[in-house]
Amino acid sequence: NSIDNIPFDLFVTGDGIMSSSPEIAIQGPTGTELQNGLSSLTFRSAKKGSTVTAVVTIRNLGSANLMNLAVIKSGPQSKAFIMTPLIKKILAPGESTSFKVIFKPGAKSAYAADIKISSNDSDENPFLIRVSGKVRSAASAKRSLVLHPGHFSIMGQPSPDPWKWLS
């Protein structure tokens, strides 16, 4: 190496090992991506004793198996939220599985809880989703009309005829 040979080219060859890792992604009932600790599921008002259901999908966007999947709920009002068991505890890259969150309120009140999805994802373990819902009397729930472009719902149930409820 002499000062006369600057700059110089250096060619390197070899075999590398590509790092692989799982990557959890969670979709809410409408297919929207949920953000860890920032997103929430809010159930529309429901009558005491009735139920409202939302489907949550877990996807593996990574290049390695997403393993040790478990879903737990916590919080003093978590009994109002029922979760179906996971069918799959391991997701290969590109695979998904779903579970249901069922809001079944008791007394007239507002409810909130946390759902934590644990896995071997290195930066989103556990994945936190906040859930909430309210219970209303039958009379006030009937007056609760929610309009969205292209569809609407009353107490979380779609209706084929939007004008039926306005007469």
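How many salt bridges does a search of the whole structure find? The search finds 3 salt bridges. The model under discussion is a predicted one.

## Salt bridges

One of the salt bridges joins the side chains of Glu33 and Arg59, with an N to O distance of 2.4 Å. This pair links distant parts of the chain, since Glu33 belongs to strand 2 and Arg59 to strand 4 (residues 52-60), 26 residues apart. Glu33 is partly exposed at 35% relative accessibility, and Arg59 is partly exposed at 24%.

A further salt bridge is formed by Asp114 and Arg130, whose closest N and O atoms are 2.7 Å apart. Asp114 lies in strand 8 and Arg130 in strand 9, so the pair ties together parts that are 16 residues apart in sequence. Asp114 counts as buried, with a relative accessibility of 18%, because the limit for a buried residue is under 20% relative accessible area. Arg130 is partly exposed at 41%. Glu95 and Lys88 also form a salt bridge, and their closest N and O atoms are 3.8 Å apart. Both partners of this pair are partly exposed: Glu95 has a relative accessibility of 30%, and Lys88 has a relative accessible area of 31%.

An open sheet of 5 strands has the order 2-1-4-7-6, and its pairing is antiparallel. Strand 2 (33-34) and strand 6 (81-83) stand at the edges with a single partner strand each, so one side of each is left without a neighbour in the sheet. Strand 1 (residues 24-27) runs antiparallel to strand 2 and is joined to strand 2 by 2 bridges. Ile26 has Leu34 in strand 2 as its bridge partner.

Strand 9 (residues 127-136) pairs with strand 3 (residues 40-47) in the parallel sense, over 6 bridges. In this region, Thr42 stands opposite Ser132 of strand 9. Strand 9 is also joined by 8 bridges to strand 8 (residues 110-118), and these two strands run antiparallel. Tyr111 has Gly133 in strand 9 as its bridge partner.

## The loop at Ser119

Is Ser119 buried or exposed? Ser119, located in the loop between strand 8 and strand 9, is buried, with a relative accessible area of 6%. A polar atom of the Ser119 side chain lies 3.1 Å from the backbone nitrogen of Asp121. Leaving out residues up to four places away in sequence, Ser119 touches Ile24, Leu66, Met67, Asn68, Leu69, Glu124 and Asn125.

## Nonpolar core

In soluble globular proteins, nonpolar side chains tend to be buried together. Here, the largest nonpolar core has 28 residues. Those with the most contacts inside this core are Ile26, Ile58, Phe81, Phe99, Ile117 and Ile129. Strands 1, 3, 4, 6, 7 (96-103), 8 and 9 each supply at least two residues of the core.

Which residues are in contact with Ile129, leaving aside its neighbours within four places in sequence? They are Ile26, Leu34, Ser39, Ser40, Leu41, Val56, Ala113, Asp114, Ile115 and Ile117. Asp114, one of these residues, is also the salt-bridge partner of Arg130.

## Aromatic pairs

The structure has 4 aromatic pairs. In one of them, Phe43 and Phe81, the ring centres are 6.0 Å apart and the planes stand at 45°, so the pair is tilted. Phe43 lies in strand 3 and Phe81 in strand 6, so the pair ties together parts that are 38 residues apart in sequence. Phe43 is buried, with a relative accessible area of 7%, and Phe81 is buried at 1% relative accessibility.

The ring of Phe81 also pairs with that of Phe103: their centres are 5.2 Å apart and their planes are at 25°, so this pair is stacked. Phe81 in strand 6 and Phe103 in strand 7 are 22 residues apart in sequence, and the pair ties these parts together. Phe103 counts as buried at 0% relative accessibility. Phe43, Phe81 and Phe103 form one aromatic cluster with Tyr111, the residue whose bridge partner in strand 9 is Gly133.

Terms used. Residues are numbered from 1 along each chain as its sequence is written. This is a predicted model: local features need pLDDT of at least 70, side-chain atom pairs count only at pLDDT 80 or more; totals for chains, interfaces and linings use all residues. Side-chain values use heavy atoms; hydrogens and water are left out. Two strands pair if DSSP finds at least two bridges between them. Helices (H or I, at least four residues) and strands (E, at least two) are DSSP runs, numbered from the N terminus. Buried means under 20% relative accessible area, exposed over 50%, partly exposed in between (1.4 Å probe, protein chains only). A polar contact is a pair of N or O atoms within 3.5 Å; within protein, one must be able to donate a hydrogen and the other to accept it, and residues adjacent in sequence count only if both atoms are side-chain atoms. Contact means heavy atoms within 4.5 Å. A salt bridge is a side-chain nitrogen of Lys or Arg within 4 Å of a carboxyl oxygen of Asp or Glu. A nonpolar core is a set of buried Ala, Val, Leu, Ile, Met, Phe, Trp, Tyr and Cys residues joined through side-chain atoms within 4.5 Å. Rings of Phe, Tyr and Trp (its six-membered ring) pair if their centres lie within 6.5 Å; planes under 30 degrees apart count as stacked, over 60 as edge-to-face and the rest as tilted.
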